[in-house]
Amino acid sequence: MSYAPEGQQHQPYGPGGQGPRPPYGDQYGRPYGQPHGQSPHGEQYGDQYARQDGHGGPYGQQPQGHWEQERPEPPRRRGRRWLIAGVCVLALAGTAAGVMNHYEIPPFTDKGSAVSFGQQPGGGKGSDKGGAAAQPANSKMLMPTGPAADFKNSMTLGDGTHVAVTTLDGKKSGFKGKVWVWAPKEYNDPKFAKSGFPVLIALPGGAGYPSNYWMGTDLGLQTSISKWYAEGKSKPFLLAMPVLNPGPDDKGVYWDGSDIPGQPKMGTWLTEDVPDLMKANFRTVKSRDGWAFMGSSTGGFAGMKAVLKHPDKFKAVIASGPDIVPDSSLWKGHDKEKAENNPELLAKQLIDTKGPDVYIAFQVGDNESNKKTLPDVQKFVATFGNKGPVHTSLRVIPGGQHNAKTYVPNMGEGPIQYISKVMEGPVE
């Protein structure tokens with residue numbers, strides 16, 4: 001578990017861009033860098049407005065022998081100056097808005113705004129709230145059961161979808177932590193208004209605390225899912241992105257996504273509380289055919305173990321560069337419980353009992369930092385893969401390293417299709 005992938009820290013908003021320069025330069029209407037009083041062609045400003053009134057001189061200048069008198073400013077020049085002033089004001093406003101958006105200063109950013117994901121506050125017209133009781137008994141879709149969570153916008157993507165976050169007080173695990181969620185644009189498409197969507201629980205590697213790096217747009221998981229769906233490669237997954245650990249994963253202390261005796265029940269958190277959150281707030285799929293995990297490194301281990309341990313609840317997993325066996329130092333003195341969370345033993349048990357079919361899509365780089373990762377995965381596939389209910393695929397990534405930026409684009413080259421073919425959704 002110590003070989004954590006290098007997930008990139010997300011950057012919710014790009015730097016504030018400067019507004020366009022006024023088309024005529026400075027506040028006096030001169031092009032940038034032009035000497036005062038000269039036009040771009042070298043003539044004096046004012047000469048270009050010279051009138052042919054029999055005197056031959058420009059405005060404001062009388063021929064010799066006439067009384068000098070002040071002439072009013074021509075309307076054309078006044079209009080031009082007003083135009084320049086307006087452009088300058090708009091440019092400054094655009095620059096200020098960009099800066100305020102970058103530093104997330106309301107009202108120039110929607111970060112922190114409430115997000116309902118199709119539910120109207122209070123269960124008003126068009127709301128999903130309370131719909132579970134009204135749906136047909138033979139429906140494959142589960143309406144949101146409630147209560148609605150307090151989701152706050154973390155970032156808005158280019159297609160208008162939102163990554164939102166809430167703090168979940170896990171009723172079954174007793175653990176309280178953050179969960180980020182995302183719904184593809186199809187979720188709010190009227191065509192799918194009565195459809196339940198499949199859920200993908202995305203787990204990070206490394207610390208997995210106090211954030212989950214899949215929620216950042218720099219890794220492109222959300223936009224990739226939208227792209228893969230448009231290409232016919234993927235289901236339009238809802239994403240749940242919980243914290244993986246209850247504290248920093250350092251000095252060899254991590255929790256293996258498991259219920260280690262005497263420790264926070266992270267296994268129950270991932271397999272019970274997080275799914276309950278999604279069922280409470282989204283239209284989901286009733287059966288296990290709409291539930292899967294994905295993860296890298298430690299997250300890959302936790303997701304694979306969850307599917308093998310709970311095949312009645314989850315059907316598939318994409319495991320990228322995962323560990324194969326539990327190895328947290330916190331298991332010391334708890335050998336029985338450690339064995340109950342060992343994917344190798346769980347796979348053997350599932351085969352022996354002819355349990356439900358599960359699908360594991362491995363992907364591993366051939367340049368992983370832990371040189372045992374690829375051989376260990378290959379051994380697991382050779383021993384348990386495609387035997388009875390345990391179905392596996394393995395994509396070896398040429399030159400692939402142990403990081404999330406390697407894994408995301410390669411998911412679209414096989415793993416996402418592999419699990420999508422055996423999953424359901426959207427369903428009514």
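Student: Before anything else, what does "buried" mean?
Tutor: A residue is buried if its relative accessible area is under 20%. One over 50% is exposed, and anything in between is partly exposed. The model is a predicted one.

Student: OK, strand 6. Which way do its residues point?
Tutor: Leu238, Ala240 and Pro242 point one way from strand 6, while Leu239 and Met241 point the other way. In a regular strand, side chains alternate between the two faces of the sheet.

Student: And are those residues buried or exposed?
Tutor: All of them are buried, whichever way they point. With five of the five residues of strand 6 (238–242) buried, the strand is largely enclosed by the rest of the structure.

Student: How does strand 6 pair with strand 4?
Tutor: In the antiparallel sense, over four bridges. Within that pairing, Pro242 of strand 6 is the bridge partner of Val179.

Student: What about strand 5 and strand 6, parallel or antiparallel?
Tutor: Strand 5 and strand 6 run parallel and are joined by three bridges. There, Ile201 has Ala240 of strand 6 as its bridge partner.

Student: Zooming out, how many strands form the sheet?
Tutor: Nine, in the order 2-3-4-6-5-8-9-10-11. The sheet is open and its pairing is mixed.

Student: Which strands stand at the edges?
Tutor: Strand 2 (152–156) and strand 11 (390–397). Each has a single partner strand, so one side of each is left without a neighbour in the sheet. Neighbouring strands of this sheet are turned by 20° against each other on average, ignoring direction.

Student: How do strand 8 and strand 9 pair?
Tutor: Strand 8 (291–296) and strand 9 (316–320) pair in the parallel sense, over five bridges. Phe293 stands opposite Val317 of strand 9.

Student: Which strands does helix 4 lie across?
Tutor: Helix 4 (298–309) lies across strand 5, strand 8, strand 9 and strand 10, and runs at about 155° to strand 8. Helix 8 (404–411) lies across strand 8, strand 9, strand 10 and strand 11, at about 115° to strand 11.

Student: Back to helix 4. How many of its residues are buried?
Tutor: 11 of the 12, so helix 4 is largely enclosed by the rest of the structure. Among the buried ones are Phe301, Met304, Lys305 and Leu308.

Student: What does Leu308 touch?
Tutor: Not counting residues up to four places away in sequence, Leu308 touches Pro343, Leu346, Ala347, Leu350, Val358, Ile360 and Phe380. Leu308 is also one of the residues with the most contacts inside the largest nonpolar core, which has 86 residues. Others named in that group include Trp214, Trp269 and Phe362. In soluble globular proteins, nonpolar side chains tend to be buried together.

Student: What span should helix 4 have?
Tutor: At 1.5 Å a residue, its 12 residues should span 16 Å. The end C-alpha atoms are 16 Å apart, which agrees.

Student: And helix 3, what span there?
Tutor: The 16 residues of helix 3 (266–281) should span 22 Å, and the end C-alpha atoms are 21 Å apart, which agrees. Helix 3 is mostly covered, with 13 of its 16 residues buried.

Student: New topic. Where does Ser173 lie?
Tutor: In the loop between strand 3 (162–169) and strand 4 (176–182). Ser173 has a relative accessible area of 11%, so it counts as buried.

Student: What does the side chain of Ser173 reach?
Tutor: It reaches the backbone nitrogen of Phe175 at 3.0 Å. The side chain of Ser173 also makes a polar contact with that of Asp273, at 2.6 Å. Leaving aside neighbours within four places in sequence, Ser173 is in contact with Lys265, Thr268, Trp269 and Asp273.

Student: Which residue has a positive phi of about 50°?
Tutor: Lys354, which is not a glycine. Ser297, another residue other than glycine, has a positive phi near 55°.

Student: Is Ser297 buried or exposed?
Tutor: Ser297 is buried, at a relative accessible area of 1%. This residue is in the loop between strand 8 and helix 4. Lys354, in the loop between helix 6 (343–352) and strand 10, is exposed at 70%.

Student: Last one. Which peptide bond has omega near 5°?
Tutor: The cis bond from Tyr209 to Pro210. Pro210 lies in the loop between strand 5 and helix 2 (221–230). The bond from Gly425 to Pro426 is cis too, with omega near -5°.

Definitions and conventions
Residues are numbered from 1 along each chain as its sequence is written. This is a predicted model: local features need pLDDT of at least 70, side-chain atom pairs count only at pLDDT 80 or more; totals for chains, interfaces and linings use all residues. Side-chain values use heavy atoms; hydrogens and water are left out. Two strands pair if DSSP finds at least two bridges between them. Helices (H or I, at least four residues) and strands (E, at least two) are DSSP runs, numbered from the N terminus. Axes are lines fitted to C-alpha atoms, for helices over the stretch in contact, and angles run from 0 to 180 degrees between N-to-C directions. Contact means heavy atoms within 4.5 Å. Buried means under 20% relative accessible area, exposed over 50%, partly exposed in between (1.4 Å probe, protein chains only). A polar contact is a pair of N or O atoms within 3.5 Å; within protein, one must be able to donate a hydrogen and the other to accept it, and residues adjacent in sequence count only if both atoms are side-chain atoms. The expected span of a helix is 1.5 Å times one less than its number of residues. A nonpolar core is a set of buried Ala, Val, Leu, Ile, Met, Phe, Trp, Tyr and Cys residues joined through side-chain atoms within 4.5 Å.
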